Amino acid sequence: MSEIKDSALAASGHQKIDWAYAYMPALREIERDFVAEQPFAGLKVAMSIHLEAKTANLALLLQKGGAEVHISGCNRLSTQDDVCAALAERGVTVNAVYGCDEPTYQRHLKMTLSGRPHLVLDDGGDLLELLLGECGADGVNLIGTTEETTTGVQRLKRRAANGELSFPALAVNDAAMKHLFDNRYGTGQSTWDAILHTTNIQICGKTVVVAGYGWCGRGVAMRAHGLGANVIVTEIDPVKAIEAVCDGFRVMTMDQAAPLGDLFVTVTGCRDVIVGRHFAAMRDGATLCNAGHFDVEVDVAGLTAMSVRQWERRKDIVGYQLADGRVLNVLAEGRLVNLAAGNGHPVEIMDMSFAVQALALRYLAEQGSTLSAGVYDVPYTIDARVSAYKLQALGVSIDALTPEQREYYQGEC
């Protein structure tokens, strides 16, 4: 039994799902195999993920492959209620409501695990934490899990390092066909799409501060530069900092950047990136947002405590007036801006990421029982297969080694 906002919203959700499906050629290729071979027959799959049209197509693909699918959101502001209603009509068990409070969000996660799944697809690691804590009994049938995000993979690796991981997990985020495209091009485009749509402000000529220069930060900085912004990057990793310098960006500490920035985007996966001393130094009208998974990068609670007034200036924009009269703006409550205030990554990008997810789950269904507890890379054969689907869809052909070239390489090795 699903717990959603309103089943009457389904028509709009079906429309969104069908539109996305038309632009997901890799998933459609995999669907043909899954329908014929039923790799998930008799298996339950639990998913915690941003609940919108593209992820709905992944859930439906697993269902077509024989799975009984249970799904909840992974962010209270990224759930789309019409998509939830449409998924429920198509036979997926959905427990998610946009904007629900934290206790309801946690209850929905627990409901999704209560069917005692064989496979888990996590986005951020919230299901992981429950499975290794109060919902441990719901992992009795667990074969393995996959993780979609940098943040979630970090949580998995910490658990594994502490000897606390009791099942195999595939780090889907680290697969080449995921992070090279989803994290860079997907986050880059969707973050700016959300910022532009939400604020309706000009970017060219402004100073944009990007906190973090991992794959997501690279994408955000690249797109900001393309929009005509003066880009500053802050980093803790000296190698990534040098890379940002060589890519043409100014690099400095957040303390140095705080008084210079017009717009701040955090993409670090860590907490307390922008805090009280930074707010105190920022110029009037500065705008802050977060494109990392959890709402801990911008200290919104600290800003609230510092301010004398808070009010909604536009949908998804809250103004915080400080004692000296300056106003700082926070988008989407400091939550993942590209989904909490936007439509998420482009469909074609997520087609690649979700193709990796689908094949990774199939790999676990077939091989998971042979793996010991730990965090594993996605097999390269999956990356190769997904990239082949994408090239085929784009009408792109590439060279192949001749027998002589293959022998030459082998001789060199």
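Guide: Let me begin with burial: a residue is called buried under 20% relative accessible area, exposed over 50%, and partly exposed in between, with a 1.4 Å probe and protein chains only. This is a predicted model, in which local features need pLDDT of at least 70 and side-chain atom pairs count only at pLDDT 80 or more, while totals for chains, interfaces and linings use all residues. Residues are numbered from 1 along each chain as its sequence is written, and side-chain values use heavy atoms, with hydrogens and water left out.

Visitor: What makes R326 count as buried?

Guide: Its relative accessibility is 15%, which falls under the limit for the term, so R326 is classed as buried. R326 belongs to the loop between strand 13 (317–322) and strand 14 (327–331), where helices (H or I, at least four residues) and strands (E, at least two) are DSSP runs numbered from the N terminus.

Visitor: Which partners does the side chain of R326 reach, and how do you know that these are polar contacts?

Guide: A polar contact is a pair of N or O atoms within 3.5 Å; within protein, one must be able to donate a hydrogen and the other to accept it, and residues adjacent in sequence count only if both atoms are side-chain atoms. The R326 side chain comes to 3.1 Å from the backbone oxygen of F279, and a contact of 2.8 Å joins it to the side chain of D324. Both distances are inside the limit, so both are polar contacts.

Visitor: Why are K110 and E134 said to form a salt bridge?

Guide: The term requires a side-chain nitrogen of Lys or Arg within 4 Å of a carboxyl oxygen of Asp or Glu. Between K110 and E134 the N to O distance is 3.0 Å, so the pair qualifies. K110 lies in helix 5 (residues 102–113) and E134 in the loop between helix 6 (126–131) and strand 5 (144–147), so the bridge ties together parts that are 24 residues apart in sequence. K110, at 29% relative accessibility, is partly exposed, whereas E134, at 63%, is exposed.

Visitor: What distance separates the closest N and O atoms of R155 and E129, and which parts of the chain does the pair link?

Guide: Their closest N and O atoms are 3.7 Å apart, so this pair also meets the salt-bridge criterion. It links distant parts of the chain, with R155 in helix 7 (residues 150–161) and E129 in helix 6, 26 residues apart. R155 is buried at 15% relative accessibility, while E129 is partly exposed at 25%. Both belong to a network of salt bridges that also includes D126, R159 and E164. By this rule the count of salt bridges comes to 26.

Visitor: Why is the pair of Y213 and F249 called edge-to-face?

Guide: Rings of Phe, Tyr and Trp (its six-membered ring) pair if their centres lie within 6.5 Å, and planes under 30 degrees apart count as stacked, over 60 as edge-to-face and the rest as tilted. By this rule there are five aromatic pairs. The centres of Y213 and F249 are 6.1 Å apart and their planes stand at 70 degrees, so they pair, and do so edge-to-face. Y213 and F249 are both buried. Y408 and Y409, at 6.3 Å centre to centre and 50 degrees between the planes, form a tilted pair, and both of these are exposed.

Visitor: How do you know that the charged end of R218 sits over the ring of W215?

Guide: The rule asks that NZ of Lys or CZ of Arg be within 6 Å of the ring centre and within 35 degrees of the ring normal. The charged end of R218 is 4.2 Å from the centre of the W215 ring, and R28 likewise lies over the face of Y21, at 5.9 Å.

Visitor: What makes I398 exposed, and which residues form a nonpolar patch with I398?

Guide: I398 has a relative accessible area of 66%, which is over the limit for exposed, so the label applies. I398 lies in the loop between helix 16 (380–394) and helix 17 (403–412). Patches are made of residues with over 30% relative accessible area and no salt bridge, like charges being joined within 9 Å and nonpolar side chains (Val, Leu, Ile, Met, Phe, Trp, Tyr) within 5 Å. L394, V396 and I398 form such a nonpolar patch on the surface, with about 310 Å² of accessible area together, as computed by the Shrake-Rupley method.

Definitions and conventions:
Accessible areas come from the Shrake-Rupley method with a 1.4 Å probe; for residues, only the protein chains shown count as cover.
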